[in-house]
Amino acid sequence: MADTFSLQRVLETFRSSLTENKEVYIKYYIAGWKELVSFMNSLGNVFSFISKDVICKIQILENFLSGENGSHYVTIQSMVKFELENELVDLTKRGSHPESGCRTLLRLHRALRWLELFLERLRTSAEDSKTSVMCSDAYSESLAQHHPWLIRKAVGVAFCALPGRDTFFNVMNAGDQVQVVALLGESLPLISEVYQITEDLYAKNNLLELP
Ligand code: 1Q0
């Protein structure tokens, strides 16, 4: 992970995460999240409770990937198959497998939907649009539905500390606004594709509500 964030790198990691037959490599999926965490860290301490949670989830998945069953954690598809076949997932309530790969990745997957919605708003936004409004609208439509009141409140406070639209465009390190908008246009279909593949896989296996 390099120090300066770049949207281009996020795009590349998500592109690398798709295999030829449209499976998703966990290694690159995680790498994409690491880039986003580094971006979030650059925004200030208000966001550290969010980045801590993401880092913790990345760590859980990395431990599986480097562990004795690592070969089963190469793609999201192989992970789901392995964990289900070996009854390693708490399906209805938290029990002996509170930190399965499936439930951990589901949290990131839901957050990816937030990212998709937010970036689409950013891409099509007018110059005077507020990032806090774009962020919170995207949040209400996605992640908020899975978060209890207290977290929704804390997230609302964090959104108020977001920098303006210009800063966001600059931090993406992808040239002027026209170029950033173009790169967002290129990134979004990829992010959507990774999201949709995961969503379909989880839906097919009834995993969308894992505790
Ligand atoms: C840049 C602004 C960041 C705004 C983030 C919006 C999402 C807020 C999510 C808040 C999570 C709060 C902390 C803990 C939540 C957990 O309870 C929850 C469930 O886990 P569990 O184990 O209790 O069942 N965890 C989650 O839902 C995971 C949440 C992950 C949030 C990831 C947000 C990632 C944001 C990255 C920065 C994106 C920058 C966008 C622009 C970059 C351009 C490419």
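I began with the second largest pocket, whose lining divides into four nonpolar, four polar and five charged residues. For these classes I counted Ala, Val, Leu, Ile, Met, Phe, Trp, Tyr, Cys and Pro as nonpolar, Asp, Glu, Lys and Arg as charged, and the others, Gly among them, as polar.

I worked on a predicted model, where local features need pLDDT of at least 70 and side-chain atom pairs pLDDT 80 or more, while totals for chains, interfaces and linings use all residues. Residues are numbered from 1 along each chain as its sequence is written, and side-chain values use heavy atoms, without hydrogens and water.

I took a pocket as an open set of points on a 1 Å grid over the protein atoms alone, where a 1.4 Å probe fits, with protein on both sides within 12 Å along at least five of seven lines; lining residues have an atom within 4 Å of a point. Volume is the space filled by probe spheres set on the points, which are joined across faces, edges and corners.

The second largest pocket holds about 150 Å³. I found 13 lining residues, with Arg110, His146, Tyr195, Glu199 and Leu208 nearest its centre. H5 gives the most, four residues. Helices (DSSP runs of H or I, at least four residues) are numbered from the N terminus.

Next I looked up the largest pocket, at about 880 Å³. Of its 37 lining residues, Met40, Ile50, Val54, Ala111 and Leu143 are closest to the centre. Helices giving two or more residues include H1 (7-16), H2 (26-41) and H5 (101-123). H5 has the largest share, nine residues. I noted 30 nonpolar, two polar and five charged residues in this lining.
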